Amino acid sequence: MPSAFNIARAAIYATVLLWTIICLAVDVHLHGLLATSDLTRFIPFAIFVCSASLIIMLSLLGFTLMRERSPISTRIELGCLGLAGTFWLSLGAFLATSDSESADVECFASAGSTSDVIDMPGFSSDTYHAMYRVLEAFSLFNTILVWGFLVFLSALVLRQHFMGHRSMWYCAVTSYPWFGKGKGSGLPNPVASRSRSRGRSIGARKGDRYSVWKPRSHRAPVHAHLATDKYDKYKRGASPRR
């Protein structure tokens, strides 16, 4: 089962991806309807931001399936999030300060005519303003989500860094236990370590017994030597003097 952190990360990225697709669809639709002018400069910029964000989010979500073999490490993901967040922040600021927000749509009978204003079925100034507000709102939402998760992940990274677990810079975000004890959690558990230490202590006690028994084996020749001396003395005392 994936951890709560990985589930929240996937939900945030999927939400950003969904809103990016909606913004891209609106931009492409406006690009096909509106003539190029100073008031429509936000459209190509919005298409670029949506396309770049789409590539980034699809990469981050796609390589998540590779888990430990993912080529996107923590530092690369932080850089991607910072880049995507900067793009969305720039687009949101541009949309909020542009004169295009209050512009009206005028449809002419021909491309060279500027006097024969006609009504275009299905598209008007109200429709344009509604689409513009959608772009502005979703840009703000994506900015909040991307920068919010970036700040949260940066706090986790700095916490692990100051704890001494600097290996997390080079592994995938989804494979690191951010709320655990770092890479040290992969070592044998305390029960196994105590059993090994108990085995070492038993082996040490066996070695002590052997060292105690070993001098006893040296005393046997000593007793034999004393018995031999006694036997020689007995024989010398029993022989007649010459």
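**Salt bridges**

I started with salt bridges, meaning a side-chain nitrogen of Lys or Arg within 4 Å of a carboxyl oxygen of Asp or Glu. The count comes to one salt bridge. Arg9 pairs with Glu77, and their closest N and O atoms are 2.8 Å apart. The pair ties together distant parts of the chain, with Arg9 in helix 1 and Glu77 in helix 3, 68 residues apart.

Are the two partners buried or exposed? Arg9 is buried because its relative accessible area is 2%. Glu77 is also buried, with a relative accessible area of 2%.

**Ground rules for this model**

I noted that this is a predicted model, numbered from 1 along each chain as its sequence is written, in which local features need pLDDT of at least 70 and side-chain atom pairs count only at pLDDT 80 or more, while totals for chains, interfaces and linings use all residues. Side-chain values use heavy atoms, with hydrogens and water left out.

**Overall fold**

Next I looked up the secondary structure, taking helices (H or I, at least four residues) and strands (E, at least two) as DSSP runs numbered from the N terminus. I got five helices and two strands. Along the sequence the pattern reads α-α-α-β-β-α-α. The chain has 242 residues, and 30% of them count as buried.

**Record check**

Residues 12-30 are 100% helix and 0% strand, with the end C-alpha atoms 27 Å apart. Residues 78-96 also come out as 100% helix and 0% strand, and their end C-alpha atoms lie 27 Å apart.

**Cysteines**

How many disulfides does the whole structure hold? I searched for pairs of cysteine sulfur atoms within 2.5 Å and found zero. Cys50 is in no disulfide, and the nearest cysteine sulfur, that of Cys23, is 4.9 Å away. Cys50 counts as buried because its relative accessibility is 0%. Cys80, at 23% relative accessibility, counts as partly exposed.

**Nonpolar core**

For cores I took sets of buried Ala, Val, Leu, Ile, Met, Phe, Trp, Tyr and Cys residues joined through side-chain atoms within 4.5 Å. The largest one has 23 residues, and those with the most contacts inside it are Leu30, Leu34, Phe42, Phe123, Tyr128 and Leu135. At least two residues of this core come from each of helix 1 (4-33), helix 2 (42-62), helix 3 (74-97) and helix 4. Helix 2 gives the most, with six residues.

**Along helix 2**

Thr86 is 37 residues from Val49 along the chain, and their C-alpha atoms are separated by 9.6 Å.

Ser51 is in helix 2 as well. Is Ser51 buried or partly exposed? Its 28% relative accessibility makes Ser51 partly exposed.

From Met57 to Val16 I get 7.7 Å, C-alpha to C-alpha, for a pair 41 residues apart in sequence.

**Surface patch**

Last, I looked for patches: residues with over 30% relative accessible area and no salt bridge, with like charges joined within 9 Å and nonpolar side chains (Val, Leu, Ile, Met, Phe, Trp, Tyr) within 5 Å. Areas come from the Shrake-Rupley method with a 1.4 Å probe, and for residues only the protein chains shown count as cover. Leu89, Trp147 and Val151 form a nonpolar patch on the surface, with about 270 Å² of accessible area together. Trp147 belongs to helix 4 (residues 125-162) and is partly exposed, with a relative accessible area of 31%.

Technical notes:
Buried < 20%, exposed > 50% of the residue type's maximum accessible area, 1.4 Å probe, protein only.
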